[in-house]
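I opened this entry to get my bearings in a structure I had not looked at before.

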Amino acid sequence: MAERQDELHERAAADPSGVSRQMADNFMSSLEEEIDQAGGEWQEDEETLGSVGFTMYDTPASKDNTITVLLPAEQIGKTPAQSLVRIKSRKKERGGDGRQYLGAIIEGPFAEPDGLRADAPLVVTTTVRGARFMPRYHGRVQVEIMGEEIGGTLVPPRFRPLPNSPVFVLDQEETAERLRLGGDVTLGLAVGYEKMPVALPATRKDVFPRHTGILGTTGGGKSTTVSGLVGKLGAAGVAVVIFDTEGEYTKIMEPAGGDEMREMLAALERRGLKPAGVKNVAIRRLVGRESTNPTYSDNREFSLEFSNISPYAMAEILGLNEAQQDRFHKAYEITRRALMDLKIFPADEKDQAELLELDEMERGFPRMTLRHMYDITRFCADIVAKEEDAGASLRTPAFRTPAARAQIEQLIKTAKPEGHAGSWRKVQGSLARLLRLGIFDDQQTGLPDYDDLTRPGRVTIIDLSDTDSPQVNNLVISEILRGLHRQQDENYRASEKDKAPLRRVVVVIEEAHEFLSAERIRQMPVLFQQVARIARRGRKRWLGLCFVTQLPQHLPDEVLGLINNYVLHKIADANVISRLRRSIGGVDDGLWNRLPNLAPGQAIVTAASLARPLLVAIDPTPAKLRMIE
Ligand SMILES: Nc1ncnc2c1ncn2[C@@H]1O[C@H](COP(=O)(O)OP(=O)(O)O)[C@@H](O)[C@H]1O
Ligand SMILES: [Mg+2]
């Protein structure tokens with residue numbers, strides 16, 4: 001009041017004639033009189049002090065869990081989307097019910113003219129004619145009620161906030177706490193806030209071990225998210241294994257740089273981050289394959305073991321038709337008998353015990369090599385084709401002695417291989433192709449060292465860039481998933497025994513649709529059942545899977561059902577969005593509506609640890625990514 005009076009006096013002083021001064025004096029004295037009559041100057045009452053707006057009456061369009069809040073124009077800037085607000089009903093003696101609610105702004109802030117609809121003809125006409133017609137306006141936001149606050153805890157609301165209740169914006173600290181944004185794996189900053197980091201905890205069993213999906217169109221920011229995540233997980237002491245189908249991550253140990261990462265470097269600087277390579281990185285590649293980073297010191301080959309693969313999964317991966325599958329299983333059965341009769345397995349009592357435990361839906365027959373299987377299949381095919389010198393081509397030394405050869409021939413004749421020679425030759429041919437790849441049972445290289453792969457902070461890139469065969473990739477992925485799972489079983493037992501902390505492992509599967517599309521799962525149900533089992537047990541054994549794909553529409557519901565955390569980058573396809581909406585709970589419409597228009601690096605993040613899904617500007621990656629087309 002006093003300020004206003006001063007201002008009027010100032011203006012009057014600038015008016016040499018003194019006319020306005022006189023007017024001001026008259027005006028002010030009559031105004032003061034009126035104020036006195038009305039009971040003194042207006043004071044914002046205690047209950048509403050610091051509020052940004054008030055809840056509105058409901059309309060027929062009102063929905064149960066959301067409420068409309070109106071704000072004066074000058075408060076609009078304080079209520080960006082995603083802000084948390086507290087709605088405090090007035091005290092009982094002032095007509096309220098005294099309840100207090102926590103909510104999140106899910107739509108708005110919108111600016112609406114006072115007393116007019118924004119699309120009123122008057123407003124529209126003057127605007128399109130270029131006239132300046134700016135009625136006073138106010139803000140409107142839609143608030144989703146997260147719960148009622150009772151004694152410091154949040155409980156599901158039983159009522160709605162009453163109309164005209166004051167609304168307060170939570171400060172950043174309380175917001176971060178309420179949204180549970182804390183953790184040791186920082187993803188980025190919450191959109192709409194000055195600088196509010198969003199992190200996930202790598203310590204909790206109910207976050208990463210309950211599996212993650214990183215989805216979005218090409219260019220949306222998935223690889224950037226993955227490489228940042230890998231570095232953070234490693235630094236937090238989690239072992240990470242990445243199936244790198246394109247060789248994108250094989251330079252991740254180097255700091256971001258180079259011409260193709262110019263934009264990333266600028267983004268890092270804006271965020272106040274420095275380029276830095278990921279520590280403790282190993283590259284592993286399949287024996288005989290090239291690497292996209294061949295000069296890196298810790299780059300080694302590994303091979304697969306035929307005996308680790310379930311014969312049922314193997315028949316699926318080879319893509320055999322029904323008749324061929326029959327032949328395959330017949331040959332497998334004969335090979336198994338031969339190994340037993342020749343005492344290759346079981347050879348001793350320990351082997352006997354192992355044989356009793358054997359589950360051939362999970363793995364193959366111990367010590368059976370692809371060469372064994374090929375030799376017997378060919379022998380069978382020769383016999384069916386009535387070749388003169390059937391069995392002459394046996395290459396396994398233990399099969400080649402005259403006694404062994406006679407024994408095997410007897411086994412085959414007892415088993416009575418049926419069918420046309422053609423289907424036998426087909427199976428023989430697929431096994432021959434696999435043999436020529438040279439990826440099985442290589443004595444020099446051996447399986448990946450799973451103990452090493454699960455060491456705290458170890459980051460292993462499985463460089464699959466040179467395989468260009470989805471079948472081989474699937475063989476590798478299923479071997480390593482199984483191996484890691486068994487290793488984690490062992491690690492779990494060891495940690496129980498020594499009361500030591502359990503090793504934590506996250507496995508990133510890039511191009512997950514190649515491995516787990518609906519189509520492939522139909523062709524390879526056994527393989528998928530293995531993955532599903534690992535996913536289910538992975539929760540107990542701290543083995544988290546992270547599926548990355550630009551074609552989430554190819555992931556069947558069974559896979560989406562395994563995933564509890566999502567990082568959703570831009571997805572433009574409305575059909576894909578509506579399908580994801582059905583599988584992913586808790587994301588409000590306002591966020592879904594933004595999904596098609598997200599900028600590269602922005603993502604909707606939902607996680608077991610977060611109180612609600614959040615739009616996040618994912619941090620640019622400090623590590624080098626190889627750009628691939
Ligand atoms: N978090 C981010 N911060 C800054 N820029 C990003 C971010 N994510 C992606 N970008 C930009 O978008 C480009 C494509 O991102 P990328 O991670 O390769 O997408 P995707 O793997 O989904 O195809 C990057 O080269 C970079 O310029
Ligand atoms: Mg990518």
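This is a predicted model: local features need pLDDT of at least 70, side-chain atom pairs count only at pLDDT 80 or more; totals for chains, interfaces and linings use all residues.

**Backbone, first stop.** With that rule I looked up Asn164, which lies in the loop between strand 6 (153-155) and strand 7 (166-169). I checked its phi and found a positive value of about 65 degrees, although Asn164 is not a glycine.

**Backbone, cis peptides.** I then went through the peptide bonds. Gly108 and Pro109 are joined by a cis peptide bond, with omega at about 5 degrees. I placed Pro109 in strand 4, which runs over residues 100-113. Phe345 and Pro346 also have a cis peptide bond between them, and here omega is about -5 degrees. Pro346 belongs to the loop that lies between helix 8 (322-341) and helix 9 (349-357).

**Whole chain.** I counted the elements of the protein chain and got 21 helices and 19 strands. For the overall shape I took the C-alpha trace, which spans about 130 × 60 × 55 Å along its principal axes. The radius of gyration of the protein chain is 34 Å, whereas a compact globule of 629 residues would have one near 25 Å.

**Ligand 1, where it sits.** Which pocket holds ligand 1? I found ligand 1 in the largest pocket. Helix 5 (222-235) and helix 6 (262-271) are the elements that give two or more residues to the shell around the ligand.

**Ligand 1, the shell.** I counted 16 residues around ligand 1, and the closest are Gly219, Lys222, Ser223, Thr224 and Ile618. Sorted by class, the shell holds 5 nonpolar, 8 polar and 3 charged residues.

**Ligand 1, polar contacts.** In Ser223 an N or O atom of the side chain is 2.7 Å from an oxygen of the ligand. Thr224 has a polar side-chain atom 2.6 Å from a ligand oxygen. Last, I checked the cover: on its own ligand 1 has 550 Å² of accessible area, and the protein covers 80% of that.

Methods:
Residues are numbered from 1 along each chain as its sequence is written. Chains are lettered from A and ligands numbered from 1 in the order in which they are written. Side-chain values use heavy atoms; hydrogens and water are left out. A residue is near a molecule or strand if one of its heavy atoms lies within 4 Å of it. A polar contact is a pair of N or O atoms within 3.5 Å; within protein, one must be able to donate a hydrogen and the other to accept it, and residues adjacent in sequence count only if both atoms are side-chain atoms. Accessible areas come from the Shrake-Rupley method with a 1.4 Å probe; for residues, only the protein chains shown count as cover. On a 1 Å grid over the protein atoms alone, a cavity is a set of points where a 1.4 Å probe fits but cannot get out, and a pocket is an open set with protein on both sides within 12 Å along at least five of seven lines; lining residues have an atom within 4 Å of a point. A molecule sits in a cavity or pocket if more than half of its atoms lie within 2 Å of its grid points. Helices (H or I, at least four residues) and strands (E, at least two) are DSSP runs, numbered from the N terminus. Ala, Val, Leu, Ile, Met, Phe, Trp, Tyr, Cys and Pro count as nonpolar, Asp, Glu, Lys and Arg as charged, and the others, Gly among them, as polar. The radius of gyration is taken over C-alpha atoms; the globule rule is 2.2 Å times the number of residues to the power 0.38.
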